[in-house]
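Good morning. Please have the sequence and the structure open while I talk.

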Amino acid sequence: MKSQGAAKNEANNAAQSTPVAAKVVVPVEETAAPAKVEIDFSNVEVEPLFKDMVDFDTFSKSDFRAVKVKECEAVPKSKKLLKFVLNDGSGEDRVILSGIHDYYEPEELVGKTLLAITNLPPRKMMGIDSCGMIISATHLVEGREGLNVLILDDKIPAGAKLY
């Protein structure tokens with residue numbers, strides 16, 4: 001009579017000696033990362049740096065947090081404003097209005113992780129309290145403003161503090 005261990009060893013040996021189906025080879029073009037888009041920054045203008053200094057204590061009072069976009073919609077009667085409903089890690093939804101509709105459609109931003117200042121006093125915009133500020137980067141290209149919302153890695157949890 002064989003022990004259970006010996007039976008398992010024979011089964012493993014048989015499985016290992018069985019020929020394996022040929023591996024499927026995928027051409028490199030199908031697995032390679034998307035081609036990097038070259039951007040010409042030679043005609044980009046940025047605003048001059050602020051000459052007035054902000055002391056460290058004042059700056060450190062700003063609460064920069066990663067926020068997850070739960071909902072985003074255009075604000076009725078406004079061409080520029082988007083209304084964000086955000087998870088800021090506090091357990092309560094945070095509403096922030098941002099004037100970026102010229103650059104983004106609401107559905108593009110749902111599910112994204114953004115950067116926001118979360119401890120600003122509420123500010124009424126179009127009758128809605130905006131409780132914070134979404135952080136964006138602006139620049140000029142041939143006299144026309146360009147804007148990019150700072151989109152963070154999705155691995156960063158809602159409410160993570162940024163320093």
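Two strands count as paired if DSSP finds at least two bridges between them. Keep that in mind, and keep in mind that this is a predicted model.

With that cut-off, take strand 3, residues 82–87, and strand 4, residues 93–98: six bridges join them, and they run antiparallel. Lysine 83 stands opposite leucine 97 of strand 4, and leucine 86 has arginine 94 in strand 4 as its bridge partner. The two strands form a hairpin with five residues between them, and there glycine 89 has a positive phi near 85 degrees.

Strand 3 also pairs with strand 2, again antiparallel and over six bridges. Here cysteine 72 has phenylalanine 84 of strand 3 as its bridge partner.

Now the overall figures. The protein has 163 residues, and 24% of them count as buried. There are four helices and 11 strands. The accessible surface is about 12500 Å², and carbon and sulfur atoms hold 57% of that. Of the contacts with a separation of 6 or more, 55% are between residues 24 or more positions apart.

Next, the inside. Which residues of the largest nonpolar core touch the most other members? The core has 15 residues, and the answer is Phe84, Leu86, Ile100, Leu114, Ile134 and Val149. At least two residues of this core come from each of strand 2, strand 3, strand 5 and strand 10. There is also a second, separate core of six residues, with Phe64, Leu115, Ile117 and Ile135 among them. In general terms, nonpolar side chains tend to be buried together in soluble globular proteins.

Setting aside neighbours within four places in sequence, leucine 86 is in contact with several residues, including Val67, Val69, Ile96 and Ile134. Its contacts also include Lys68, Lys70, Glu92, Asp93 and Arg94.

Is serine 130 buried or exposed? Its relative accessible area is 2%, so serine 130 is buried. Leaving out residues up to four places away in sequence, serine 130 touches Val95, Ile96, Leu97, Pro121, Pro122, Arg123 and Met125.

Strand 1 pairs with strand 9, residues 136–141, over two bridges. In that pairing, glutamate 45 has leucine 140 of strand 9 as its bridge partner.

Leucine 147 is in strand 10. Its relative accessibility is 14%, so leucine 147 counts as buried. Leucine 147 and isoleucine 100 are 47 residues apart along the chain, and their C-alpha atoms are separated by 7.9 Å. Beyond neighbours within four places in sequence, the contacts of leucine 147 include Ile100, Tyr103, Tyr104 and His139.

Now charges. Side chains of opposite charge can pair when their charged atoms come close. How many salt bridges does a search of the whole structure find? It finds five.

Three residues, Asp63, Arg65 and Lys161, are linked in a network of salt bridges. Aspartate 63 meets arginine 65 at 2.7 Å, N to O. Aspartate 63 also bridges to lysine 161, with the closest N and O atoms 3.0 Å apart. Aspartate 63 is in the loop between helix 3 and strand 2, and lysine 161 is in the segment after strand 11, so this pair ties together parts 98 residues apart in sequence. At 15% relative accessibility, aspartate 63 counts as buried. Arginine 65, at 24%, is partly exposed, and lysine 161, at 31%, is partly exposed.

Last, the outside. Val37, Ile39 and Phe41 form a nonpolar patch on the surface, with about 350 Å² of accessible area together. Valine 37 sits in the loop between helix 2 and strand 1. With a relative accessible area of 63%, valine 37 is exposed.

Note on methods
Residues are numbered from 1 along each chain as its sequence is written. This is a predicted model: local features need pLDDT of at least 70, side-chain atom pairs count only at pLDDT 80 or more; totals for chains, interfaces and linings use all residues. Side-chain values use heavy atoms; hydrogens and water are left out. Patches are made of residues with over 30% relative accessible area and no salt bridge: like charges are joined within 9 Å, nonpolar side chains (Val, Leu, Ile, Met, Phe, Trp, Tyr) within 5 Å. Accessible areas come from the Shrake-Rupley method with a 1.4 Å probe; for residues, only the protein chains shown count as cover. A salt bridge is a side-chain nitrogen of Lys or Arg within 4 Å of a carboxyl oxygen of Asp or Glu. Buried means under 20% relative accessible area, exposed over 50%, partly exposed in between (1.4 Å probe, protein chains only). A nonpolar core is a set of buried Ala, Val, Leu, Ile, Met, Phe, Trp, Tyr and Cys residues joined through side-chain atoms within 4.5 Å. Contact means heavy atoms within 4.5 Å.
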